[in-house]
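Me: I have a structure open and would like to talk it through with you. Could you help me read a helix and the chain contacts?

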Amino acid sequence: MTTASAELQQARRIKRSRNYFLFILFAGPNIALILAYVYYPLLANVYFSTLNWRLGARTASFVGLDNYREFFTSGSGREVWHVTVVFTVATVVGSMVFGLLMALVLNRKLPGRTAARTALFSPYVLSGVGIGLVWTFIFDPSTGILAHVLGWFGARSPEWFLDKNLALVMVILVYIWKNLGYCAVIYLAGLQSIPQDLMEAAAIDGAGPLRRFFSITLPLLSPTVFFLSIAMVLSSMQAFDILRIMTPNGYGTNSIVFEIYLQSFGSYQRAGYAAALSVVLFLVLFAITALQMRFVERRVHYS
Amino acid sequence: MSETGADWRQAFTRRNIMATLFAGYLPMIAALLVIALPLVWMVIASFKPVSEILTTDLNFWPKDPTTANYAAVANRVPLGRVFLNSVAVTFIGAAIKVFLALTTAYALVFIKIPFRNVIFLGILVALMVPPEAAMLPNFLSISAIGGRDTMWGIILPGLGTAFGTFMLRQQFKTLPTELMEAAELDGAGHWKRLWHIVVPVSTPTIATVALVIIVNEWNNFLWPLVIIDSPEKMTLPVGLNLLRSIETETGSYGVLMAGAVIVILPVLIVFAVLQRYIVAGLTQGAVK
Amino acid sequence: MRRLRLVLAVVMVSATVMACGGPTITGSGALASGVEVDYTGVQPATEISFWSNHPGGSIDTEKAIIADFTRQTGIRVTLVTAGANYDEVAQKFQAAQTSRSVGDVVVVSDVNWFPAFLNGSIVPLEPVLANRGVDTNGYSTVLYNDYLYGGKHYAVPYARSTPIFYYNRDNYRRAGLNRAPATWEEAREFARRLKASGVGVPSFGFGDQYLAWMMSNIVWSFGGAWSDKWNMDAAASPGTRDGLNFARSLVRDGWATVTSGDPTRPFAAGAVSAVIASTGSLRGILDSAKFDVGVGFLPGGPANQDKVVPTGGAGLAISSKSSPDKQLAAAMFIGFLTNLENTAKFSTATGYLPVRSGAEMSAVYATTPQFRTAVDQLTRVRNQDYARVFLPGGDRVISATAQSILTTQVGVSDALDSLRDKLEKFYRRDVESRLN
């Protein structure tokens, strides 16, 4: 080895260690925070989920997989699944269907549609707490505006807050209201990327609007549909604010996230059980996201 | 997407007018009413006195408008304090997060070390972890180091930002390499390059990321709810939750509506003004 | 070499995981043994905190009493609104056990003190009260002994109550009625007469709060109970079933209604003619009702007419996390807050029972005799069932069952059988091992 190349090697080594140092300087704090407050909790949850532990108590006992067993077999655990699945499916389907309809409407070149689009999107960015308060007032069986309107038709307002099923319907409606604008805007972007000549060619060929929709629009929209469905499922499974404000006790609305909160910080205070639920929640969401990534990769290759 | 005269005329031709009205304006107006009416009702009700809330006959406008509800909110909850807490938490938290996102994204793109793609993958995976799943252990860790009921206790766990890092990394990757090489030849260190070259060029993306982070920080509810006890340290959403627990009388909806206005109005205004960036930021992910 | 590093990494990770805020693992979740605190030579602290939910709307009274206390002793007391009701305070208190700062004095309800004791988060009071010379003999025995377990008291009575029967005297007079019903059968008869006389609102309102407490009365009246000490079979017994069936029939037949939230609100607004609610709501109702408010004893039933009244409300406990000097100051404070003069003040401002015999209430009783009712009713009081007050989570699950019976079509026997199973499970899992 000549001295020149040895010097080159030395310079490279110095540069590399300088790079390591700089990288840690620039990205280190962020990574450390992510490790401490995102990854560490995952492990901690797995550990805590094996305990029967009352939050704040100094002692706990080891119960292995009992918490998981209880969640998957007990009546109250099944109830959480039921609420979560119903809520998720209903809000996802509702938001996406109404969002698509609105996107189709907005896709027409009508004056005033940007303002409409903005207005439609706005509930998505507003505080779930504020929205929950507004809709609690609207749904109130004695003084709410909904009760008044029903009264004009001679009907009595249903007891939204006292009946488990009605409470769930109520929060589903509110959640759809909050999210359909987001779906609409995303669909709109997808619709606008459909080449116009394709649509015109089909029209010339004699295809009616309905036929065009199902044969051309929908298939070309499928990546958007897929992306939205995943995004909406993730969002619905993490819904909390509206549920907590409208139904503070989770009566009929205890989805898995709400149940985690109720179990750890509510009157049950079973930290071990809540940790088990957290692990299940993470695994489910991870599986759904991983599925999406795989699917999108494959789709990209095909197109 | 500007509405040209041609569009207008096209929409209202004889052939199209039925379609325009029934498949166009009718659903549009219906949707707008559904979206806007609750919010309008919220504002109106916040100015109604108790007698008009409890009444059986419905009046749209308040017959006797009053600001008593807002005074009541200020009375039950230390409103000024709570509002300032929200402002402080939002801006300090957002500023730190944006800063960290900038430096991390820069490092991932421009500081060449092996494994940086693996590290990026690790950060990406962190995006998939719902904050609710991490709530309990974070509560215990923060509690154990004395962060319960403090402002930094609210901010700290959320600072590890994956969303901002992801967005900015995508943006930085699109920068032409000649730009960076020229700066390197000029002898500018990484720090200088970040702040004097990369940031000025990427301002729209940074603004978008910042706005999304600010909106989310302002609306953040679950974590502050869990970590804060005393009303003086609460942020706006948590303070309103306390208001909801305290105000259980049916006549107190006016107070609750006043509270809702206070938490919703700032974001609504910001959104109305900066909607282009916010919508772009939130829908970015769809156009992967 | 690589495997060793891997093992090391795993060990380190697990160590950090277990380190951060986790509990110590014991064999069967045995009771956290309270270390005997030594108070010799300790002087009371000069500053403590009081976690309260201001029961009965008592925030101003509490502030006034605190001001007096500080004037007399120089000890500053920080009043913290730790929640909107007893359960929220208890949850905050429990969650705060993970950190170093907890309220020194905390309001504990009838169902929250025992779980706090099981966790070792409140101290037995005899030593610290004796140290500060607080006279515990003056407390009403039945109220003080509600906090007795294993020969020690864990709280002193503060905002104590029994439920009483509130009725709209104007409506009752229209129907020719001049007193509260003596039995539940009579209550149904009263409902018929109210309707016949043209009173348009339901004659009775069930709320959806504290149902397990309120409905102890009807369940006891029909010979049932939520439990017989630690035996949960009583929850599914014929007496319990009869009582709940009767309540459901009142709702089904239209004599009673179920409202969401606190039933005293619709009552004060005139939307129902009668409710059963805590005597602690008395002041609030008198202030906001626009009609003549009558109160009476809780009704009895076919099986029991006399001992059918539960006690309730809250007491004051001292946190075990507080340092000895703060505990002494806390003892002085709770003694002061519940002394003869202040318990009369508190009771007058809210309607809660005066907790010391001999409290000066005659002036109050002369002008508003309704305040006497709960006191007089103390002779008909019976200890609450363990399933509700001693079982963590018991109150919640009993209330939920009662609510579902009142508002849904669920089969009463099935619901009660399932309730009994749940209560047994809670007992076996959370209590049994810790008490033995």
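Reply: Happy to! Helices here are DSSP runs of H or I with at least four residues, numbered from the N terminus. Keep in mind that this is a predicted model.

Me: Which residue just after α11(C) takes a positive phi?

Reply: Helix α11 of chain C covers residues 238-252. Just after α11(C) there is a positive phi of about 90°, and the residue that takes it is C:G254.

Me: What do the buried residues of α11(C) pack against?

Reply: Those buried residues include C:T240, C:L244, C:A247 and C:L250. Within chain C, they pack against α8 (184-196), β9 (204-206), α10 (216-221), β10 (256-258), α19 (394-407) and α20 (412-435).

Me: Which element gives the most to the side of chain B that touches chain C?

Reply: This contact takes 15 residues from chain B and 15 residues from chain C. On the chain B side, α7 (131-144) and α14 (236-246) each supply at least two residues. The element that gives the most, with four residues, is α7(B).

Me: And which helix gives the most to the side of chain A that touches chain B?

Reply: Here the contact takes 71 residues from chain A and 77 residues from chain B. The chain A side divides into 50 nonpolar, 17 polar and four charged residues. With 18 residues, the helix that gives the most is α1 (residues 3-48) of chain A.

Technical notes:
Residues numbered from 1 in each chain as written. Chains lettered and ligands numbered in written order. Predicted model: local features only at pLDDT ≥ 70, side-chain atom pairs only at ≥ 80, totals over all residues. Expected span 1.5 Å × (residues − 1). Buried ≥ 20, exposed ≤ 12 C-beta atoms within 10 Å, placed from the backbone. Contact = placed C-beta atoms within 7 Å. Nonpolar A, V, L, I, M, F, W, Y, C, P; charged D, E, K, R; others polar.
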